[in-house]
Amino acid sequence: QVQVVESGGGLVQPGGSLRLSCAASGSGVSIYFMGWYRQAPGKQRELVATITNGGSINSADSVKGRFSISRDNAKTTVYLQMNSLKPEDTAVYYCVAGPPNRWGQGTQVTVSS
């Protein structure tokens, strides 16, 4: 069974940066992709960015040029570097590893002055 654990959320001022980390652990399971989704209050969960074992990246238009996703060589940890943060980036950020999708518990990111 795979466990997915996020870290790195917090409060940051507009224009600031944060780095999220997510580690997947477990035995006997292969992971093809990892990535990040987010859910703001009153809104549906939406894609932020995902990365496959081969390095293919899929990201939302709203974060292109500001956020970057990367993965370690063991392909069990994924990072989300978030720059030029905006108040509308405020949300709970969830890490996902799959298939099938296994979700972390979420980490709060708040962008506010």
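The model I am reading is predicted, so local features need pLDDT of at least 70 and side-chain atom pairs count only at pLDDT 80 or more, while totals for chains, interfaces and linings use all residues. Residues are numbered from 1 along each chain as its sequence is written, and side-chain values use heavy atoms, with hydrogens and water left out.

Is Arg38 buried or exposed? I noted that Arg38 is buried, with a relative accessible area of 6% (buried is under 20%, exposed over 50%, partly exposed in between, with a 1.4 Å probe and protein chains only).

Next I checked the partners of the Arg38 side chain, which makes polar contacts with the side chains of Asp89 (3.0 Å) and Tyr93 (2.9 Å). A polar contact is a pair of N or O atoms within 3.5 Å; within protein, one must be able to donate a hydrogen and the other to accept it, and residues adjacent in sequence count only if both atoms are side-chain atoms.

I then turned to the backbone and recorded that the peptide bond from Gly98 to Pro99 is cis, with omega near 0°, and that another cis bond, with omega about -15°, joins Pro99 and Pro100. Pro99 lies in the loop between S9 and strand S10 (102–103), and Pro100 is placed in the loop between S9 and S10.

Last, I wrote down that Ser84 has a positive phi of about 50° although it is not a glycine. Ser84 lies in the loop between S8 and S9 and is partly exposed, at 40% relative accessible area.

Notes: Helix = DSSP H or I, 4+ residues; strand = E, 2+ residues; numbered from the N terminus.
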